[in-house]
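Subject: Structure handover

Hello,

Here is the structure I promised you. Please open it alongside this note, then read on for what I found.

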Amino acid sequence: MAMGRIQFQAGLSLPEFIQLYGAEENCEAALEQARWPDGFRCPRCECKEYGLIHGRRHKRYPCRSCRHQTTLTAGTILEATKLPLTTGFLALYLVGQALAARLPCSGGRTSPHSL
Ligand SMILES: [Zn+2]
């Protein structure tokens, strides 16, 4: 699956995280960017035209040509959750922090905030 991943900046502090992703719209924007960096693409027919349905939980993106409906979280670990995106993002952030703390050298990435 050609979906980008949500990655939080290494060394991002919790207050910074909340400022960036504390609102549902911010999480939606980040997911949209990760999923469709070049704009919407229907996962079924590759069509770029879509509508918008504001569902009870998450926005839906119905394709204009094949009518397939997709969501920002379809195919991600957040798909099954009934929690707000902000809660899912916080969980991802905390897991990332825990992994980073246990494996400081993993992936050879250096933190832009390392002192
Ligand atoms: Zn389609």
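How many bridges join strand β2 to β3? Three, and the two strands run antiparallel. Strand β2 covers residues 59–62.

Before the rest, a word on confidence. This is a predicted model. The average pLDDT of the chain is 84, and 85% of the residues score at least 70. Helix α1 (residues 14–21) has the highest confidence, at 95. Helix α3 (residues 85–102) has the lowest, at a mean of 89. Where pLDDT is low, the predicted coordinates should not be read in detail.

**Overall layout**

The chain holds three helices and three strands. Along the sequence they follow the pattern α-α-β-β-β-α. Of the 115 residues, 13% are buried. Take the contacts between residues at least 6 apart in sequence: 49% of them join residues at least 24 apart.

**The sheet**

The three strands form an open sheet in the order β1-β2-β3, with antiparallel pairing. Its edge strands are β1 (53–54) and β3 (69–71), and each of these pairs on one side only.

Look at Y61 next. This residue lies in strand β2. Is Y61 buried or exposed? It is buried, because it has 22 C-beta neighbours inside 10 Å and the cut-off for burial is 20 or more. Setting aside neighbours within four places in sequence, Y61 is in contact with F40, Y50, L52, Q69, T70 and T71. Check G51 too. It is ten residues from Y61 along the chain, yet their C-alpha atoms are separated by 5.7 Å.

**Helix α2**

Helix α2 spans residues 24–35. Its twelve residues should span 16 Å at 1.5 Å a residue, and the end C-alpha atoms are 16 Å apart, so the two agree. Which residues of α2 are buried? They are C27, L31 and R35. Seen down the axis of α2, these buried residues fall within an arc of 65 degrees, so they line one face of the helix. E25 and Q33, on the other side of α2, are exposed. The buried residues of α2 pack against α1 and α3.

**Helix α3**

Helix α3 has 18 residues. From first C-alpha to last it reaches 26 Å, close to the 26 Å expected. L85, G88 and F89 are its buried residues. Down the axis of α3, they fall within an arc of 100 degrees, so they too line one face of their helix. On the other side of α3, the exposed residues are L94, A98, A101 and R102. What do the buried residues of α3 pack against? They pack against α1 and α2.

**The core**

The largest nonpolar core has seven residues. They are Y21, C27, L31, L72, L78, L85 and F89. Helices α2 and α3 each supply at least two residues of this core.

Leaving aside neighbours within four places in sequence, L31 is in contact with I6, L72 and T73.

Best wishes

Methods
Residues are numbered from 1 along each chain as its sequence is written. This is a predicted model: local features need pLDDT of at least 70, side-chain atom pairs count only at pLDDT 80 or more; totals for chains, interfaces and linings use all residues. pLDDT is the predictor's confidence in each residue, from 0 to 100. Helices (H or I, at least four residues) and strands (E, at least two) are DSSP runs, numbered from the N terminus. The expected span of a helix is 1.5 Å times one less than its number of residues. A residue is buried if 20 or more other C-beta atoms lie within 10 Å of its own, exposed if 12 or fewer, and partly exposed in between; C-beta atoms are placed from the backbone. The arc is that of the directions from the helix axis to the C-beta atoms. Two residues are in contact if their C-beta atoms, placed from the backbone, lie within 7 Å. A nonpolar core is a set of buried Ala, Val, Leu, Ile, Met, Phe, Trp, Tyr and Cys residues joined through C-beta atoms within 7 Å. Two strands pair if DSSP finds at least two bridges between them.
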